[in-house]
Amino acid sequence: MEVNAAKNLEVIVKSSPYPVIICSSKDFSINGCSASIAKILGYTSKEIAQVTLLDILTETSYKLLITECQNKN
């Protein structure tokens with residue numbers, strides 16, 4: 001059941017017309033994204049898989065993100 005849920009989520013994210021990124025809260029690696037966010041950021045889907053969320057956020061944004069993730073863990 002969990003495998004199907006993960007596959008369904010992947011299909012939903014990749015086909016979303018909205019900018020969506022799924023990343024790890026541990027190392028901020030990008031685990032999936034919609035084609036629209038890749039296009040907005042100027043990456044191909046292969047390129048975006050090789051960067052982390054910290055590579056594409058401003059310094060202020062990623063500091064807030066790190067703080068929020070630490071508060072939830």
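This is a short talk on one protein model, from its overall layout down to a few single residues.

Okay, some ground rules before we look around. What we have is a predicted model, where local features need a pLDDT of at least 70, side-chain atom pairs count only at pLDDT 80 or more, and totals for chains, interfaces and linings use all residues. Residues are numbered from 1 along each chain as its sequence is written, and side-chain values use heavy atoms, with hydrogens and water left out.

So what is pLDDT? It's the predictor's confidence in each residue, on a scale from 0 to 100. For this protein the mean is 84, and 95% of the residues reach 70 or more. Confidence is lowest in helix α1, residues 2-15, with a mean of 80, and highest in helix α4, residues 53-56, at 88.

Now the layout. You'll find five helices and two strands here. Both come from DSSP runs numbered from the N terminus: helices are H or I with at least four residues, strands are E with at least two. Walking from the N terminus, the order is α-β-β-α-α-α-α. The C-alpha atoms fill a box of roughly 30 × 30 × 20 Å, taken along the principal axes.

How much of the protein is buried? Of the 73 residues, 21% are. Buried means under 20% relative accessible area, exposed means over 50%, and partly exposed is in between, using a 1.4 Å probe and protein chains only. As for contacts (heavy atoms within 4.5 Å), look at those with a separation of 6 or more: residues 24 or more positions apart account for 21% of them.

On to the largest pocket, which has a volume of about 180 Å³. Thirteen is the number to remember for the lining: of those 13 residues, Lys14, Gly32, Cys33, Ser45 and Ile48 are the closest to the centre. A quick word on how that's worked out. On a 1 Å grid over the protein atoms alone, a cavity is a set of points where a 1.4 Å probe fits but cannot get out, while a pocket is an open set with protein on both sides within 12 Å along at least five of seven lines; lining residues have an atom within 4 Å of a point. Grid points are joined across faces, edges and corners, and the volume is the space filled by probe spheres set on the points.

Which elements build that lining? β2 (30-33), α2 (35-41) and α3 (45-48) each give at least two residues, and β2 has the largest share, with four. By class, we get seven nonpolar, five polar and one charged. Here Ala, Val, Leu, Ile, Met, Phe, Trp, Tyr, Cys and Pro count as nonpolar, Asp, Glu, Lys and Arg as charged, and the others, Gly among them, as polar.

Let's zoom in on helix α2, starting with Ser36. Is Ser36 buried or exposed? Buried, with a relative accessible area of 17%. A polar atom of the Ser36 side chain sits 3.3 Å from the backbone oxygen of Pro17. That's a polar contact: a pair of N or O atoms within 3.5 Å, where within protein one must be able to donate a hydrogen and the other to accept it, and residues adjacent in sequence count only if both atoms are side-chain atoms. Beyond its neighbours within four places in sequence, Ser36 touches Ser16, Pro17, Tyr18 and Pro19.

Leu41 is in helix α2 as well, but it's partly exposed at 32%.

Next, Val20, in the loop between α1 and β1. Val20 is partly exposed at 24%, and its contacts outside four places in sequence are Val13, Gly32, Cys33, Ser34 and Ile37.

The loop between β1 and β2 holds Ser24 and Phe28. Ser24 is buried at 17%, and a polar atom of its side chain lies 3.1 Å from the backbone nitrogen of Lys26. Phe28 is buried too, at 7%, and has a phi near 60 degrees, a positive value in a residue other than glycine.

Last stop: Glu47 in helix α3. Glu47 is partly exposed at 38%, and its side chain reaches the backbone nitrogen of Thr44 at 2.8 Å. That's me done, thanks!
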